[in-house]
Every structure is written in structure tokens, then in C-alpha cells.
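The exercises below concern a predicted model. Work through each task before reading its solution.

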Number of protein chains: 2
Amino acid sequence: MTAAVPVPKHWYNAAADLPELYEPYIDPATGRELPADSLTELFAGELVEQELDRDTRLRPIPEEVQARYALWRPTPLLRATALEKAIGTRCKIFYKYEGISPIGSHKANSGVAQAYYSRRDGRKRVFSETGAGQWGSAISMGSSFVGLDAEVFMVGSSYDAKPSRRILMETFGAKVHRSPSPLTEVGRVARKPDENDPGSLGLAIGEAVEAARADREAAYALGSAFNFVCLHQTVIGQELRAQLDAAGLRPDALISCIGGGSSYAGLVFPFLDQVERPGRKLDLVAVESNAVPKVTKGKFAYDHGDSAKLTPLIKMYTLGHEFAAPGIHSGGLRYHGLSGQVSKALHLGLGRAVAYSQLEIFRAATLFARTEGLIPAPEAAHSIAATIELAREHRDEERVLVFCLTGHGFFDLSAYQRYNQGQMDDSDSPSAAIEASLGQLPAVGNPGTSGASEDPFNAWQRWHFGAPRPSASGAVGTDLRGYRVVSERLVREASQGGAGDLLVARDAVITPAAESEARDLGRKLVRGGDR
Amino acid sequence: MTAAVPVPKHWYNAAADLPELYEPYIDPATGRELPADSLTELFAGELVEQELDRDTRLRPIPEEVQARYALWRPTPLLRATALEKAIGTRCKIFYKYEGISPIGSHKANSGVAQAYYSRRDGRKRVFSETGAGQWGSAISMGSSFVGLDAEVFMVGSSYDAKPSRRILMETFGAKVHRSPSPLTEVGRVARKPDENDPGSLGLAIGEAVEAARADREAAYALGSAFNFVCLHQTVIGQELRAQLDAAGLRPDALISCIGGGSSYAGLVFPFLDQVERPGRKLDLVAVESNAVPKVTKGKFAYDHGDSAKLTPLIKMYTLGHEFAAPGIHSGGLRYHGLSGQVSKALHLGLGRAVAYSQLEIFRAATLFARTEGLIPAPEAAHSIAATIELAREHRDEERVLVFCLTGHGFFDLSAYQRYNQGQMDDSDSPSAAIEASLGQLPAVGNPGTSGASEDPFNAWQRWHFGAPRPSASGAVGTDLRGYRVVSERLVREASQGGAGDLLVARDAVITPAAESEARDLGRKLVRGGDR
């Protein structure tokens, strides 16, 4: 597949062609659609526009980002002839290899874009989180390119066990914090019982969001799930389309794994117009883990994107934001939810989900390595397992199957060792755990749900600080000292009840939106007093 | 640089254009030119032909090997625009990135070829050695592709400290032995004082050669230095030439690091005809480490290719086969010698060598990572340091500088950590150590040298078994029980002195050549008796 195709100059916004892909985010504090300004607090204006855009089909990729993409794009489309032979199939198996990016995965496609926009927006720092480290590497590299300081909260257990990814980020100049850290309130609360708490992605997100909110010069960045991340990844599918066209091929199936969903979105969204077509339907296959089967066993409902309840409510396939995923080696798939757009597409029947267990995917990965040479990341091995199954099922048909090899597994070799030595298990999630977690879906946004009905702001507060919303000492309207986080809403409410300075606790977190609300209302936030 | 160039269909044999590149190997046991049949004992016939070929300019790449090359070739040629900007130079810096091969380095180019020829030659197993693991990964992958069993002797210190590369090899199905191992005589002797001996590349080579010699169905494979390895790597330079042509560019300098010399040969040999040309001479730069400065501080002389003295004598730049290189992080450059052909080219003035210290190359690597995203292998970082120096020196000229980025540094992050934390030192080799080692050059092949003048067979024997050649009990000619290794020469000599069975020790290593010599002479080798 040596045909040279150009690197796309635009990202493809599927919501412009299929407006039903778009479901509004809901603000847990109001139960209403999230206002754009609560996103600009965290993200550069251009990213917020991308997030909410339902009109622009093609959004231009800035030249500076194009120049960076040229370092690894177009990524190769390769045929796995030896794998076909080993399976004994007439299907033609192709893979789009995103692992050649400098950090070894497709995450780079969004990392350089988010860093670029954040810097151009005048931010000096970016806070983000990372599980196993793939996304953390991407945002660290992107930040290094544009001269942005990067601080990454890395899930404690990964920080301890996988130093390589941490060193990679540090080599790009990023600061890496073991999460939970003493730097944020979220972290301090979690560390109270145990300083060496292993952390979780939910906690790390909470820390990064809190840190970004507390720093006017900072942005927050994230590696998947959001619409703009899916948008950035559409370079994958656009290139693939051109590569297949150049080779005179028409795909019969497109396959990628789903963690937050961005690689899948990037691969298949540019092909959504081809699903229904004369002859054989285009088969879009989203592959998940039986340890985290959000589509095959979860619900399509509004839920928090993180266990810290700091994100807005997103309509998506979810296992519940408090779902405790088993410790599988595919860290990138250990996410309870899924991009709203990807979820909606699957809900509309544009694509289907399948799930595999850990031993199956390592068996597939090993066969792939021995026939094609590349050691796949465990996440990508899910796509290989699904592709092999399809190729066996249709062994006598010349179907064109294309999967996205999202990244290499050079940082996952300890997992391969466990598999090689027969020490691995399947780690499927038991149904009871899934049902229990689904019972915790928020009532807001989910009419008729039997889930939790607590005021979502209280729920957020409680998670955050371990106590229900405190009653303010003194009349609401002048005294906010009882609150550990002073939000825009609190300032607005307090201002309705009086005039003069608003007293806040010495160590309260004042969100930038609260500060700006106070300014607009002509009120002054004064730190001091006890709590 | 998206211009699609074809993957070469031939390897380029520079010795056909420049016969003076060829210097015969000398058999240490006879002092004469090595007979081809002592090579076929270890290597497939086609590889031996390639090794000794001084006539064929272009040797066809077998279709099966071409199909494998297509998995990662053509490798990208990329421009390091951000690095140029950071340096403040008008030079155009390009890098040819070989790290996209499945195992992450250029070694794959020879790994698939050697495995293919060994299998086609009817061998069932291949024995090889590896230091840090790059070559071991390549031969393991190549063997997996063709259904050849691979056994790799891995230097003990790497085996203990760097499990990732070992797991990679095992995932390809290879057996990896910690060297020194109890499986060979060489290993057993070395383990006697200490079972956990850290080993050395010289020892590992000795084990692999011994194991291959003792097994009629096995071949030996090696990752650099030999002519056929350099030949296989010429796909790099041929592609580069086509890529530069397609972009309308003429290189002013080509830069690569030298361990055994194969990446450098592969890069520059296809350009040797361009060195002398109207206008500016093409600058060929071989970059070595100040810890192992074989060209800048060594001698051009006949020497053993390994400390075990199992290879023939090679005319090359060397620091002496017993040179103890400091423990730098660039394992691939910790080799006392250099490919005969590369040495001869440098000796003829076709190219020049420069040396850098460890801190300089990590400084260069970090600048490269932060501007271009890729984390280079420390070996390749030598080329980056040299390129940066050239680009600074000629900052006001639009020179085209191209270096070979032989591999990524994902398995070298612990070294980056040491650098990031300020715990690294330069590890240059002191002149006294170099001089002492050069004093040990063999007399054979080096008339007038003041070096060691011991019978090279005795020297080999002594290294191998820690004692001078034992006097055989009984008349030479009937009794070889005093010898731990029974060679072709011993059989021939013994047969001149008598008739009947030749007695050998119960645990003697009988080389296949000895066995065949005995058969030809109508003598029988009988194991038994004491020793």
C-alpha cells in the first residue's frame, strides 16, 4: 500500500451530516443544558466551538497542526497477508497503523491539536490526567511543541508500576504527579486514609479539572470521549478512505476498540455515509472488553463522565460512573462510559458492539505478532480478535476487513509476559457488579430511572469533600465561608440576598466563573474568617 | 516527504564497484585466508556467497523478503523543521526513520533476510546472541515469519535489567538464554567462578557460535559487522537516494552511528559514487562514542571480531578484542571493532569519524524529542549530536544534512531518567585503557605489530577453556582425548600420524567440520575414555 495520499487538511464533523448524533450535555448543578461558558473556563474557545458545532462539516486543521501531523501522517495502511494465511481465509485483512506516531498511538492526533489551541488561547499551562500514560504522553509532546507547560496527574498504580511512560512525559518536559496528589483538594481527601492510595482515572480527572479551574492561566485537556477529540481523530478515517480508493478497494467492515471511543469515531465517522449502500452493508464494529462491557451490557442514559462527578452529564452508553472495572491490562478500555456521539451512532444502529475476554485478545495479539511482526497494544488486540473472528466466519468470501491498530505494545510487555507464562485470566465483569453500578445512574436527565435522586450538586460536593453541602454560617447572600468551593451559582444566589462583600473561607476554591460573576454583579469576594 | 518511492528490489554490493573495500578474512588457525567452507558450517550458502561477493553489483532481494520489507518500508524521510528553528540554522535537516519497523530499529532489515536464507537452506534452528536486545528481537521476528526455531543468548546483565526485550523475543516464540548459560562449554567455563556472571557480548557470541557448530541442523546469525549484514541494510540508502531525488534535493552530509557499522554502511554505501563531485564534496560522517572510539583512537589492523576469538581475523578499525568498554547506555555501540568494509572505506578517506560523549548525546536527544517528538535510541542520538554540530557550524548555509534515526528509545527510558535526574556521566574511555588493549592485537595478519604473538589457535583455546592446549595423552594421530574441542585441523593432523579409530573425550565438542573431515579420511571418531 505505498500509494501516497495527502494528509487531510480538514477534520470531519459528523454531527453536521447527522444532527441526531448530537445530544446536549446537562449541567448537573442546574439540570439544564450546559452553557458554553462553563466549558470555556476549561477549554480554549476554538475547542468549545468544535465541541458544540452542529453545522460545519469540515473544520480546517491549522497549518501548524498540519505540519506536526506530517511527522507521522499519513499513517500506513498495511495488508496482513501472513495472518490471512494463518487463519485460512479468503478475506483481505488490512490494518491502519497509528502506532508510528512519536508517542506510539493515535492519541497524538488530538494531543498536538489541544496543545496548539490552548497555547493560542493565551493559556500558559495545561492540566490533564492519564491512566497508563498514552494520553499523558500525547499532551506532553503537544505541549512541548508549542511551549506550553504540561502537568499530568497519573493514576497512582500506573505511576508506581510503569515508570517508562512517566519518564517519556518528563523527557518532553512535563511535570507528572502521582494521583491522588497533595496538590488538590480532591487528592488530599483521597490521600487522607492512605497516602499511597492507588488512585483511579476518575480521581485523576478530578485533580486535573480542579487544578485547571483554580488557575486562570491554565486549560484542561482530555484524551477521549469529547466531541472535539473524536473530531481530531477523523484524520484516520479520511486517510483510510483515500488509501482504499487509491487501491480500488471498498471496505466491508471497519473495526476498532472503544475506550472513550475516539479511535473508533475517527475510523468510522468518515464512512457513515457508506453504511447503507447497494449490495452489502458496511459493517462497523466497536470492540469492547468483557471486563467493561458498556455497550453490550450497559445502558444508554445520562451519566457523569467521571467518578468525581466533575464533568457534565453525558447521554451515552455507560456502566455507571462508579463502576469498578477489573484490573485488565487494556488500561485504555477501563472506562465506564463512551463518547456521546459514538454512543448515539451505535444507538441509532450505525454500527454494532462486540465484546472479548482478556485471554482471547492476547491469543489474537500473539498470532498477529508472530505473523505480522508488530506487538499490538492490548487495547488494539481487541480489534484483532474481532477481525480474526470475522475473517473465519467469512473464510470463503473475499471481504475487505480493515481494523485500526491504534498503538504498539512496547510498554505493555509485562502483560505479554503474564500471558506467555500462563498467568493471565479473563477478568470478565460479573453481571451483579454491573447491575449494582447501573442502579447508581443519576436521576437528572434520566426521567423514570430508578437511580439515585440526590441533588447532583450535593452529590458532586459530597464526593468531592466527603460531606453534604454545609449550611452557611450567617444569611446566604453575604457569607460563603461554609463552602469549600465557591461556584458561579453560589455567588449569584448569595447576591440575591444582600449587598456588600461576600465572605469566603481563607482556603476556599474560587472558580474563575465565580470570580467573573462577582465582578459582573459588582460584588467583592473577600477571603478571611474561620470556617 | 510523502512522495512514494518503491522499496528496492535489490541489495547494493559496494565491493563490486570498489573492490578495494574487500579484505579477506584470515583463519586464525592457519594464518591464511579463511576458506568458504568454514563459513558454510555456520551460515546458509547464499549468505556466504553474499559475504564473499566482489562481482555482483545488485543482488536480488527474494520476493518473500520483499513482502516482509513492505510491512515497514519505504521508511519515512522527514524534515526536522522545529529542530532547525531551535538551533537557528539555515541548514535543512532530514532524518531517515528506521524505528518504524515492527521491532523498532533497522536490525529488522537483516533479521528477516538471515532467517529466510537459513530456513531455505534447510536449517531448523538459528542461534544468535544479543546485547541489549535489538538484534535478538530482529532475528526472533524473522524466524517466527519463516517457521525457524530461534535461540538467543542474551548478555546476562541485560537479561536481568531489561526484561522488555526478552519478553518481546519470547512473544515471537524464541527461546532466550541468560548468557553465560549452562548450555555450552563457553558458558559453563564462564559460570564456574560465578553462576550470575553478568556476561558480555563476546561471551554470548561464543555461546551462539558453539551451539550452532554443535548442531548440524542449526545456523548462526549475527546483527552487524559482516558484509552480508551491511548488504541487507543498503535498502536504507537506496530508498533515501530515491526520496531525495523525488524532492529535488542533493545531500551535503550523510550521518549515522557506528557500532558494528551496518546502519552506516546501509546509509552511505549507495552514495559512495557521489563523494567526489563538482562543487561540494559529500560529507560522510560515522559517529562513535568516546567510550568506544575505535576509529578516532583505535588501529586499522587484523583482529578478532569477538573476545571469544571464535570469529576469523578481520582487517578493521579496532580497540583490541579484549577492550572492556565502559557501561554506556548505547549498548549497540559497545563493540571494539567495526565492519571490515566500513573500516576500509573510512581508511580510504571515503568518510570520516567523529566521537561524542554520553552527556552530549543525551542533550541532543532531549532537544530532538522536545522539538520533533520522537525519543531516539541512545545509539541514534550520536548521529543527532553530530548533525546538530554540523548545522550550527554551517548555520548560514542551506546545506542538506541527512541522518539515519536507526531506532526509537522506548526501551531505553531508564537511561533518559538518569539523564533527566542529572545522574549520568560521560563514561569516556581513558587513553591508557585503549593503549593497553591495542597492545593485545594478534601478530597474525599484522606483520611488524608489537602485539601478542601466541599461536592464535592456542590463544583461542586458552580463552575458551582457561588453559593452554593440553598435550594429548598418547601419540598425536590416534588420541584426541586431550582436546575439549575437536576441530577439522586436529582430525587432519591426527590422521597423518596413524590409522584406526580416533579417540575423543566423552564430553568433547566435535565440530561438524571435524566430523566430515574424519568421514572423508575414512577415520572414525570414538567417544570414550577419561580425560
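## Exercise 1: Overall fold of chain A

Task: compare the radius of gyration of chain A with that of a compact globule.

Solution. A compact globule of 531 residues would have a radius of gyration near 24 Å, and chain A has 23 Å, which agrees. The radius is taken over C-alpha atoms, and the globule rule is 2.2 Å times the number of residues to the power 0.38. Next, take the box along the principal axes: the C-alpha atoms of chain A fill roughly 80 × 50 × 45 Å. Then turn to burial: 64% of the 531 residues of chain A count as buried (buried means under 20% relative accessible area, exposed over 50%, partly exposed in between, with a 1.4 Å probe and protein chains only). The secondary structure of chain A consists of 22 helices and 19 strands, where helices (H or I, at least four residues) and strands (E, at least two) are DSSP runs numbered from the N terminus. Finally, consider contacts (heavy atoms within 4.5 Å) between residues of chain A at least 6 apart in sequence: 72% of them join residues at least 24 apart.

Conventions: residues are numbered from 1 along each chain as its sequence is written, and chains are lettered from A and ligands numbered from 1 in the order in which they are written. In this predicted model local features need pLDDT of at least 70, side-chain atom pairs count only at pLDDT 80 or more, and totals for chains, interfaces and linings use all residues, while side-chain values use heavy atoms, with hydrogens and water left out.

## Exercise 2: The interface

Task: describe the contact between chain A and chain B by its area, its polar pairs and the elements of chain A that take part.

Solution. Start with the residues: 41 from chain A and 41 from chain B take part in the contact. The buried area is about 3300 Å², and carbon and sulfur atoms give 62% of it; buried area is the accessible area (1.4 Å probe) that two parts lose on being put together, summed over both. Of the area that chain A buries against chain B, A:T171, A:R370 and A:F410 supply 20%, more than any other three residues.

Now check the polar side. Ten residue pairs are in polar contact across the interface, both at pLDDT 80 or more. A polar contact is a pair of N or O atoms within 3.5 Å; within protein, one must be able to donate a hydrogen and the other to accept it, and residues adjacent in sequence count only if both atoms are side-chain atoms.

Last, assign the elements. On the side of chain A that touches chain B, two or more residues each come from β3 (77-79), α7 (134-146), α9 (163-171), α16 (358-372) and α18 (413-420) of chain A. The largest share, six residues, comes from α9(A). By type, this side of chain A divides into 22 nonpolar, 13 polar and six charged residues; Ala, Val, Leu, Ile, Met, Phe, Trp, Tyr, Cys and Pro count as nonpolar, Asp, Glu, Lys and Arg as charged, and the others, Gly among them, as polar.

## Exercise 3: Backbone geometry

Task: find where A:P74, A:P180 and A:A225 lie, and state the backbone geometry at each.

Solution. The bond from A:R73 to A:P74 is cis, with omega near -5°, and A:P74 lies in the loop between α4 (63-69) and β3 of chain A. A:S179 and A:P180 are also joined by a cis peptide bond, with omega about 5°; A:P180 is in the loop between β7 (175-179) and α10 (185-191) of chain A. A:A225 is not a glycine, yet has a positive phi of about 70°. A:A225 sits in the loop between β8 (218-220) and α12 (227-246) of chain A and counts as buried, at 13% relative accessibility.
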